[in-house]
Amino acid sequence: MPPTKQANRQAITLKGSTALVTEFFKYAVNTILFQREVYPSDDFHMVKKYGQVVLVTQDLALENYLEKILKQVQKWILTGSVTQLVLVILAKDTRTTLERWVFDVKLVEPPKDSSESIGKPEAEIQSEIRAILKQIVSMVTFLPVMTEEKVFNILAYTSDSADVPAGEWVDTDPLAIEASKSQQVKMRSFSTDVHRIEAMVAYRYEE
Amino acid sequence: MSTVKTPSRRRVRSEAKTPLTPSLLSAFNTVSIESPIKRATSTSIPLSDAFQRQASGGVIRKGGVESRIDVVTLDYVPPPKSAEVKRSRSTPAINRSERDRFISSRDHTLEVSATLDQMSLNAPSGSPTHTARLAAAAGVPLNRRILGYHLQPPSASSDTTLALQREFARPLYANRPGAIATSTGSTTNKTRKISTQPERVLDAPGMVDDFYLNLLSWSSLNCVAVALESSTYIWKADTGAVVQMGEAPAGTYVSSVNFSNDGAFLGIGLGTGDVELWDVERGTKLRTMGGHQAQVAVLSWWQHLLSSGCGDGSVWHHDVRVPRHKVMELLGHSGEVCGLEWRKDGELIASGGNDNVVNIWDGRVGDTGPPVAGDGVATGNAKWTKRNHTAAVKALAWSPWQPNLLASGGGTNDAAINVWNSTTGARLHTHTTPSQITSLHFSPHRKELLSTHGYPTNAIGVWSYPGLERVAEIRDAHDSRVLFSAVSPGGDMVVTGAGDESLKFWRIWDVPAGDSKKGKMSSGRGDGVTRSGVLSIR
């Protein structure tokens with residue numbers, strides 16, 4: 001029954017896309033926290049995901065923390081009110097920003113001839129996600145070594161009209177790196193039928 | 001509204017003149033430039049929007065009042081050049097509540113706060129208010145908020161020292177490698193039938209669960225000696241009778257037992273360092289040989305020589321016939337000696353210690369090593385010293401059918417069986433097992449090797465020689481690690497002892513019927529007095 005199959009594939013909805021994007025953030029954040037050694041490596045265990053092995057934390061406190069954040073992020077993505085998610089890695093003692101992993105969330109305008117367009121196959125999306133995660137891993141080779149103790153912070157850039165749960169999310173500083181001391185590398189992107197995620201990393205680099 | 005406009009214009013001007021302020025740069029850095037259409041829409045309205053939001057958020061509370069003050073100050077001071085300079089140096093993140101009508105003092109505060117602001121290291125963390133104003137001034141859209149979760153992320157649960165400790169403890173928590181997929185947890189070769197159930201189980205209450213001790217021995221007269229804390233018992237396999245061989249002196253314990261080759265005498269090593277000699281038949285103590293300063297963890301006989309391995313790393317030969325019993329001292333271990341085995345012909349003696357070393361010594365008594373000042377006792381040099389093991393070596397076995405073969409097995413971190421040629425010193429075979437090796441025996445009449453293991457498999461393994469392929473393995477032979485084992489004089493039974501306070505008898509090798517005579521001749525420890533036919537466990 002080819003027609004139904006096609007219909008199924010087309011039916012990647014806003015909700016489905018949101019779930020996909022949120023899930024990607026979860027694994028991306030875990031991968032960064034592991035690769036940049038923000039948390040000790042033995043807190044992580046291997047999980048099979050996107051057809052490859054991904055390291056995910058098993059520290060319960062951290063798991064819950066990320067879950068709470070991603071739950072809200074998912075709501076924002078669903079309403080289209082988040083434009084950017086930033087994972088900031090700071091030095092624990094001096095609170096200087098060392099790295100900013102930036103993920104731009106963009107809404108993709110539906111194509112004009114939407115009746116004809118066929119949804120992007122899930123396998124293709126997964127392979128794009130795989131490529132980003134692999135790129136994060138490979139970034140370690142050239143990112144400066146961070147010897148000090150690190151902490152991280154997740155920032156969400158939202159629109160003014162976004163629903164913000166009172167008391168849980170607060171306006172903060174962008175925790176930027178001074179332009180003269182930072183370098184940026186653009187990474188791969190992936191897109192579903194609804195969203196497009198572009199990744200970028202900026203890191204402190206002093207001669 | 002004109003009153004509001006003036007200060008805001010002034011602010012814009014002053015900010016535009018300080019392009020090197022880190023906060024401004026950071027604002028440029030973070031605020032990505034979006035489509036020009038958006039920028040156009042956000043020129044005027046979002047600015048007031050942003051302020052409104054800040055006002056509601058409580059960041060700026062006194063916009064109106066403040067602006068009036070600003071007007072006043074400007075009226076008082078028609079911008080002279082010096083004031084302009086000062087203002088340009090200042091960043092607008094001034095503590096505005098400190099402003100005063102008094103110009104002089106205000107200028108002073110301004111200056112101070114400005115320097116403070118520049119001195120502060122954490123430049124990019126200007127207040128959100130500042131960033132907002134800055135963005136508005138630069139014409140960059142700010143129709144969005146930067147939000148952070150109100151809680152800090154949890155700190156890392158463990159530090160590096162803990163990780164290191166986990167690394168050390170990993171072998172203990174290892175999964176049982178290569179788990180055997182049979183219901184009994186045992187495997188046997190198709191061509192061999194080995195019972196995976198013990199033939200007999202004896203209770204051994206109080207058996208000490210200590211890897212370094214050697215508390216089990218089976219004599220050529222078919223008696224099993226086992227030490228339970230301070231008492232030693234003899235279980236006669238022929239009759240099933242149990243005899244107590246006496247107690248260790250108060251305050252100490254038995255750390256090793258071993259039968260002489262003819263089975264008539266029993267050596268008992270104590271925690272104090274004394275070595276006792278007992279007559280098995282009469283059940284009396286013949287003599288006590290003192291001298292060691294630490295626990296005697298292992299004993300081995302060759303005819304009249306009783307060799308003892310001590311906690312201080314020394315091995316002594318005691319001649320049990322003469323008053324001055326200590327006839328030779330072998331110094332070659334820096335850790336406790338826990339494995340000691342004479343070769344059947346008395347040519348060589350092998351020792352293993354907690355320093356991970358295996359030494360092979362010449363068995364002849366005579367002075368070959370450097371003289372030790374004082375007691376004039378002969379010393380010896382190791383013929384071979386092997387440092388391949390990475391854990392304590394307790395398990396040692398000489399091959400009965402090929403005299404120059406020595407097998408040694410390492411402890412938890414090593415878990416490898418090495419087979420050595422004592423003539424050439426070569427390492428002939430190495431086989432890594434899943435867990436700690438506590439004892440090794442060559443089969444008297446088969447080309448096979450038996451090993452007992454500790455955590456996590458608690459197994460008895462039978463390996464072919466020279467291939468070292470697994471012939472059989474009995475997992476969980478005991479409830480805790482199998483620590484001690486001894487082969488029967490007939491060469492068909494093996495007794496194992498463990499920390500679960502039981503002795504188990506296993507029929508590992510069948511003596512071929514036609515071969516019984518030959519078996520009698522070549523049995524392991526017996527030197528020809530074995531009565532293999534008599535062995536029966538009732």
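Mentor: Let us begin with a pair of facing residues: B:Asn418 stands opposite B:Thr430 in β24(B). Strands here are DSSP runs (E, at least two residues), as helices are (H or I, at least four residues), numbered from the N terminus. Two strands pair if DSSP finds at least two bridges between them. The model is predicted, so local features need pLDDT of at least 70 and side-chain atom pairs count only at pLDDT 80 or more, while totals for chains, interfaces and linings use all residues. Residues are numbered from 1 along each chain as its sequence is written, and chains are lettered from A and ligands numbered from 1 in the order in which they are written.

Trainee: How many bridges join β23 to β24 of chain B?

Mentor: Five bridges join β23 (residues 416-421) to β24 (residues 427-432) of chain B, and the two strands run antiparallel. The hairpin that they make has five residues between the strands, and B:Gly425 takes a positive phi near 80 degrees there.

Trainee: Which strands form the sheet that contains β23 and β24 of chain B?

Mentor: It is an open sheet of four strands in the order β21-β22-β23-β24 (chain B), with antiparallel pairing. β21 (393-398) and β24 of chain B are at the edges with a single partner strand each, so one side of each has no neighbour in the sheet. On average, neighbouring strands are turned by 15 degrees against each other, direction ignored. Such angles run from 0 to 180 degrees between N-to-C directions, and the axes are lines fitted to C-alpha atoms, for helices over the stretch in contact. Within the sheet, β22 (residues 405-410) of chain B pairs with β23(B) over five bridges in the antiparallel sense, and B:Leu406 has B:Trp420 of β23(B) as its bridge partner.

Trainee: What is the strand order of the open sheet that contains β3 of chain B?

Mentor: The order is β3-β31-β30-β29 (chain B), again with antiparallel pairing. Its edge strands, β3 (200-203) and β29 (482-487) of chain B, each pair on one side only. The twist averages 20 degrees from one strand to the next. Four bridges link β3(B) with β31 (residues 502-507) of chain B, and B:Asp203 is placed opposite B:Ser502 in β31(B).

Trainee: Which residues of chain B does UniProt list under "repeat: WD"?

Mentor: The unreviewed UniProt entry lists residues 254-288, 330-362 and 475-508 of chain B. Positions are given in the numbering used here, feature names are shortened, and annotations may be inferred rather than shown by experiment. In the model, residues 330-362 of chain B are 0% helix and 58% strand, with end C-alpha atoms 10 Å apart. Residues 475-508 of chain B are 0% helix and 53% strand, with end C-alpha atoms 14 Å apart.

Trainee: At what angle do α2 and α4 of chain A pack?

Mentor: Helix α2 (residues 14-35) and helix α4 (residues 122-139) of chain A pack at about 20 degrees, with their axes 9 Å apart. They are therefore roughly parallel to each other; angles under 35 degrees count as roughly parallel, over 145 as roughly antiparallel, 65 to 115 as roughly perpendicular and the rest as oblique. Residues are in contact if their C-beta atoms, placed from the backbone, lie within 7 Å. Among those that meet are A:Phe24 and A:Tyr27 in α2(A), and A:Ile129 and A:Ile132 in α4(A).

Trainee: How do the axes of α2 and α3 of chain A cross?

Mentor: The axes of α2(A) and α3 (residues 60-79) of chain A come within 9 Å and cross at roughly 145 degrees. The contact includes A:Val21 and A:Phe25 of α2(A), and A:Leu70 and A:Val73 of α3(A).

Trainee: Which backbone angles deserve a second look?

Mentor: Most residues other than glycine have a negative phi, and most peptide bonds are trans. The peptide bond from B:Tyr455 to B:Pro456 is cis, with omega near 5 degrees; B:Pro456 belongs to the loop between β26 (448-453) and β27 (460-464) of chain B. Another cis bond runs from B:Tyr465 to B:Pro466, with omega near 10 degrees, and B:Pro466 is in the loop between β27 and β28 (470-474) of chain B.

Key. Contact = placed C-beta atoms within 7 Å.
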